[in-house]
Amino acid sequence: MDMQRIILDVRGLSREFANGKVKAVDNIDIAVGRGEIVSILGPSGCGKTTTMRMIAGLDQPTSGTINLCGNDVTDLPPYRRNIGLVFQSFAIFPHMTVQQNVAFGLKMQRVALDEIESRVSAALDLVQLPLSKFGDRRSDELSGGQLQRVALARTLVTEPALVLFDEPMAALDRRLRDHMAVELRAIQKQLGIAAIYVTHDQETATTMSDRVVIMNSGRILQDGTPEDIYLKPADRFVCEFLGEVNILGIRDIIQTDGDRQLVRTDNNIDLWATGRRTHAKPGMLVAFRPEQALLHANDPGHGIEAKIESVQFRNGLHRWKVDISGASVIVHSTTVDRRIAQGERAWLTIDADKSRIVAP
Amino acid sequence: MRASFSVTGHAGLEWWIIRITCFIILTVMLAPILMVLVISFTDGDTLQFPPPGFSMRWYLEVWAFLTGPDADLVRLVESLLISVKIAGATAVVTVLAGVPASYALVRYRFFGKTLIEELLGLPVVFPAVVLGISLLVLFSATKTDFGVWQIILAHSIIGLPFLMRNCMTSMKGIDVALEEAAKTLGASPVRVFHKIILPLASGGIASGAILVFILSFNEFTLSYFLYTVDVFPLPIWLFQQANTSFSPAVFAVSSLIVAINVLAVLVLDWLVAVRKQPDRQD
Amino acid sequence: MSSIAELSSDSVSFRKRPSRAHPHLLLLPAGMLVGLLLVCSVAIIRMSWGGRNAEWTSWSGLAYQQVVTARNVAVIADTIWMAMLSAIIATALALPIALFMVRTSSAAMRRFALVTILLPMIISLLVQSFGWMAILGPNGLLNQVLSVVAGEPVQMSLLFNRTGVILGLVQTTIPLAVLPTIAALAAIPAALEEAASVLGANRLRTYRHVILPLARPGMITGAILVFGFNTGAFVVPLLLGGLKVTTIAIVIRDQMGSLMNWPLGAALSIILVSLALLVQSLSRMTTPKQGGKSG
């Protein structure tokens, strides 16, 4: 990561349940810098929520340390950590007004009353819920989007060093969610706070964050920019989790040229591919995205011969399902203007640095 | 080992405080019952605690009350039988009155429903002393004597809401579609009630009936005002004994009552557990 | 307390009901039982306005004048006071029990605790009073324990005075306080406690600002139930109060029985019933509406 000042530094964090039989989180490292927003992305049960809860202090790690602004907070209870958390359910206190909800954290910090008032007012302005209009409302008088804004204001008002978001938009509908994601990002950048966003929705994760951490089965599979993890995935799980992908097995390595290698696939196709760190070995995979392969009507010379199985036109894109030596792959891009019909022959080319060697 | 804290009070000092306080309170709440059980096994002549020794002595005494030559004099058998008779009859009466009423309240809308609901809930809050006294006055003013039925009626009045509460919970779990299906298949309303409602609500009705049985079996206040020389329920017998000769024999009889009560509670608990599965709506 | 009304007031069960059948016929047997109760009430009202020894034939307001004499007012105040005190104690004791039952992860423990708190409600009051007599008596368990603790013989008399009666009242009615408290506590999402913690509240402040305010409606409902139940207390004061502690119910017994002042007994009965109805309507106001919010 870059040389921004590190706000959160998690080292070797593990959480075991049932006396070590279940490892919910298995020896992970995460760092978040000032002003950075990092998404932890993974399917449900991957350990992302447990990780977030341990960072907040709501759950205790079996081993590992959590460092916040240079202080070890691993053994501190949540109320001594200065970490903000926006809950999935928003967790707005139903017996308090909006104003009392937002003031709660400041009251706990024993901030002077007049200061509480001005800070609450400013926080509510920030989320566009003016105090004069919304201050006296209770949670049952607010919409889902408004509840989220109150939760956000309540979290930001105490100026935490780090804000955690636990899929706070899962409760909202798609349109509102997109809108809130943009707003959330704007507010976070405006205040320059560090944030961790926990989600299983790859679209939200990639649009919102500076960095994405992919988790599965309690481990971090990849940690990188959204572009990185999309274009240079580490393994099959990451590829498939982030969208449509074509995957072929590697049988043999024919030639090596730097980090590029000419590999022979299980179905006897030779193609150039690029590895992320490791070189290809038989048993590894080569993966490419449907939009990264090109379909040609005539053989450009080094193309892979393909037969069109079916064509669909969706969202302004052609979607060809083609057969290459017995393997079905999906391709979106073409050099021809026309629709290549089902059963026709075609040729496929893939850039060497766009077909990736990944771990199985 | 890491420092232990819990933000929802499931661990650490807070959890220990809650557990210990809870344990102490529950112990105190059970103390009187346990005390009766312990003292009933004394081999001494008094209610002294701790007992000088333990024996079945007072249970043998109670056995003598039941079967010995003085049995007629002590009247324990008679009281026990009359109590069982009253409790059983009360359960039957409340079922006969409560089940149709529950069905009406669960399935129908009609004018004055809210008022009727309020009235049917009234016996729960109505002070037993007042009910007992006014029934006594009423029976004597009208110069009627229903014998054992006086107490059965009185117990049925206070037992009814308890039966209906259980019964209605059960009936609410029955999908209206089941009844409608039966009707479209040609079942008359009476057959629908008999073949669909009764079998499906039987768990609730049974647990309600058991509850009413215990309630009536233990009931003291109403019986206190309505008993006669011929109708002398067990609680009244106990009270009389306690006032005349407060011997450990009274505690032995009390222990037997506790045993009957606990048995009934266990059956009730079992019924509720069984009922939970098919009844759950969501 | 108004179990029937609560149960049927949520509208789950009555979808489309254009029925021809007459539900009133189904209500008839139950109606007759409740009718008897109403007849009793009317009889009591009539009797309270009757003259002594001529309750059905004459009219007199004397009984109500007797109700407001110092002695009877003292008994009424005393009854209300004891019911109130027992309600407060029972509600306070109900909190740790309810917290335990809501938080324990062991289903067996929860069930055990539930049966334990329900037993005092179900088992014969008379039998439990006997147990209390053995505990509170001059040589009872309590004095022996206290003697051991104090190191010298303690002869505290708790039997036949108000303390003993209140103990008995609390013990026999505590389930009424525990059940609504459990319901209220169980309805608090864990996220609210966690939110309080993340926002800087320690456990004590979480109790003060989040848990207790949210549990309050349930606790008030419980307190009102205990209060209502204990205003009519009869068996417990009869056995544990000896002749020294009198409640309205016991005075009614005395007036209707040995003292033969039926109109006064009836007038006091009306006071007692009014108290009960007042408490019931109070509990209706404080009990949160069902189905307002689901988890």
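Modeller: Start with salt bridges, meaning a side-chain nitrogen of Lys or Arg within 4 Å of a carboxyl oxygen of Asp or Glu. Across the interface of chain C and chain A, that rule finds one. This is a predicted model, where local features need pLDDT of at least 70, side-chain atom pairs count only at pLDDT 80 or more, and totals for chains, interfaces and linings use all residues. Residues are numbered from 1 along each chain as its sequence is written, chains are lettered from A and ligands numbered from 1 in the order written, and side-chain values use heavy atoms, leaving out hydrogens and water.

Biologist: Which residues form the salt bridge, and how far apart are the closest N and O atoms?

Modeller: Arg53(A) pairs with Glu194(C), with 2.7 Å between those atoms. As for chain C, helix 9 (190–198) and helix 10 (203–231) each supply at least two residues of the side touching chain A; helices here are DSSP runs of H or I, at least four residues, numbered from the N terminus. Helix 9 of chain C gives the most to that side, seven residues.

Biologist: How much area is buried between chain C and chain A?

Modeller: Interface size is often given as the accessible area lost when the parts come together. We use a 1.4 Å probe and sum over both parts. Between chain C and chain A that comes to about 1800 Å², with carbon and sulfur atoms giving 69%. On the chain C side, Val198(C), Leu199(C) and Arg205(C) lose the most area to chain A, together 35% of what that side buries.

Biologist: And how many residues does the contact take from each chain?

Modeller: Counting heavy atoms within 4.5 Å as contact, there are 18 residues from chain C and 23 from chain A.

How values were computed. Buried area is the accessible area (1.4 Å probe) that two parts lose on being put together, summed over both.
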